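Dear colleague,

I am handing over the structure below, and after it you will find some notes on what turned up when I looked through it. Please read them with the structure open beside you.

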2 protein chains.
Amino acid sequence: VPKKSAQEILAASPASDWRGLDPENTLLMELASGPVLIELAPRFAPAHVANIRALARGGYWNGLAVVRVQDNFVTQWGDPDGDDAAKARPLPAGAAPKLPAEFSVPIDRIGKTAGFTKLPDVDGWAPRTGFAEGFPVAADPQTGQAWLTHCYGMVGAGRGDAVDSSNGAELYVVIGQAPRGLDLNITVVGRVLKGMELLSALPRGAAAMGFYDKPEQRTAIQRVRLLAELPPAERPALQVLKTESATWAQLLDARRYRGGWFVHSPGHIEVCSATVPTRPTPGMTTQPPPR
Amino acid sequence: VPKKSAQEILAASPASDWRGLDPENTLLMELASGPVLIELAPRFAPAHVANIRALARGGYWNGLAVVRVQDNFVTQWGDPDGDDAAKARPLPAGAAPKLPAEFSVPIDRIGKTAGFTKLPDVDGWAPRTGFAEGFPVAADPQTGQAWLTHCYGMVGAGRGDAVDSSNGAELYVVIGQAPRGLDLNITVVGRVLKGMELLSALPRGAAAMGFYDKPEQRTAIQRVRLLAELPPAERPALQVLKTESATWAQLLDARRYRGGWFVHSPGHIEVCSATVPTRPTPGMTTQPPPR
């Protein structure tokens, strides 16, 4: 019996398997090349998300830039003068300069209320993996901790050597093979929902760690706002598939057991194998994001 | 005791842990943005590698193009008119139009002669993983087969629905999370040794599967030659770390057990976690590749 394809599964998905965006948990980053939408994860990084909201509301990133693109690793943005106290852009009112590490949370925080769905597939990096509220998650019952995993498209808060040196002003997104070795070492704050290709296809930086060696190579950030700052009619009308839905379970199964072109099925996936789908909100005239 | 860093391990590596390039097994693809070097894997795909040699010697790819870039998946190049029998570029003499599938090889082919080094780390996709002759490899003792894995930078031969429909003229490289679900479904022919960022940072295509919808979006391929076709003095002087070396084992261990900035060590890696290093051949004046 031929398996249903991902397209067929999505086409048959009930409306109740989708959810809208929380305007308080979604960032709109505008580049000359287009809009990037980022969903924040307050359940996993409450202090960082609160700070990111304050930074966005204060217009902190407007006019700043993508400063680093390291191939098969991360694209990073923030203040090009951030390391120079004399030239660094001041943080807006209400934004803290440093925050406690939020590398993991108590495992009961991803329980029934977050709709954690466990993958049966073995993972070498963590005793348990799965999805919660649209995000890839790992957990360790022995330590009692759960954390967001560094899959493609996940966004984290850069830090220095001190674990409490991040504040969410310097953000990075994973653009290559999931660097799961970063898990539990840095605070992950969310996921790119849309516009990922605008961050992954940027020229790689020639300096150490992929930083650009010439300022003109940087990509300018026109503006970053919380969706809550936009008039409701101007907010991108996007839905995210619920990861506790039957549709998501079917999509994962369609990847474990392939049909059509495939002659071999792996019978396996990993938490970073599949990206949680989004779609334009049905029946809504999607506004072109403000430019 | 602080662990040695990757840089320190590489700096201390003996010359005998490195090898040069086999001119019969290395492709030089010239783009306007720079050179791309691809190492072929005749032990895993002998018929495809032989065909690729014939295609290169016949100048097949000269003036063709990158036709597809699908985000978090693959960059693909070949004949933009390949599907149009009237306009398709003819294959050069000695190149077969289709080849038997080379999805795997008998496991004894990666034995002592290929220097297979097994990873102790668990992998969900295959019972056994490791490295052989610089390539990431998986194997299944039950089926008696071994195969190259679809890690970042690995190059494969596109095929249609028939398993014997590939000929090596249409090639792709992995530019995102390792699509291990492709393993055992398509012939993998080699790995990008240098210039990966010239293929991974290209604009993504807007048509289905990342194909470009406008011809002018394609990246032109100036020329593809086998290194054996170049005068010895013009061949890029590059070395590859031997994956059966102590240095490679130490590098993998440095990724399992992190020091410095890291506060948590995963105690784990996977076959696609680490890229086998290359370096300019010591003492050689590296020629700028011909442009």
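A residue counts as buried when its relative accessible area is under 20%, and A:Cys272, with a relative accessible area of 6%, is therefore buried. Please keep in mind throughout that this is a predicted model.

In chain A, the disulfide is formed by A:Cys151 and A:Cys272, whose sulfur atoms are 2.0 Å apart. A:Cys151 sits in the loop between β10 (145-148) and β11 (154-157), while A:Cys272 belongs to the loop between α4 (246-256) and β16 (278-280), so the pair ties together parts of chain A that are 121 residues apart in sequence. The torsion about the S-S bond is about -75°, which means that this disulfide is left-handed. A:Cys151, the partner of A:Cys272, counts as buried too, at 4% relative accessibility.

In chain B, B:Cys151 and B:Cys272 form a disulfide, with 2.0 Å between their sulfur atoms. Here B:Cys151 is found in the loop between β10 (145-148) and β11 (154-157) and B:Cys272 in the loop between α4 (246-256) and β16 (278-280), so that parts of chain B lying 121 residues apart in sequence are tied together by the pair. The link of B:Cys151 and B:Cys272 is left-handed, with -75° about the S-S bond. As for accessibility, B:Cys151 counts as buried at 5%, and B:Cys272 counts as buried at 6%.

Terms used. Residues are numbered from 1 along each chain as its sequence is written. Chains are lettered from A and ligands numbered from 1 in the order in which they are written. This is a predicted model: local features need pLDDT of at least 70, side-chain atom pairs count only at pLDDT 80 or more; totals for chains, interfaces and linings use all residues. Side-chain values use heavy atoms; hydrogens and water are left out. A disulfide is a pair of cysteine sulfur atoms within 2.5 Å. Helices (H or I, at least four residues) and strands (E, at least two) are DSSP runs, numbered from the N terminus. Buried means under 20% relative accessible area, exposed over 50%, partly exposed in between (1.4 Å probe, protein chains only).
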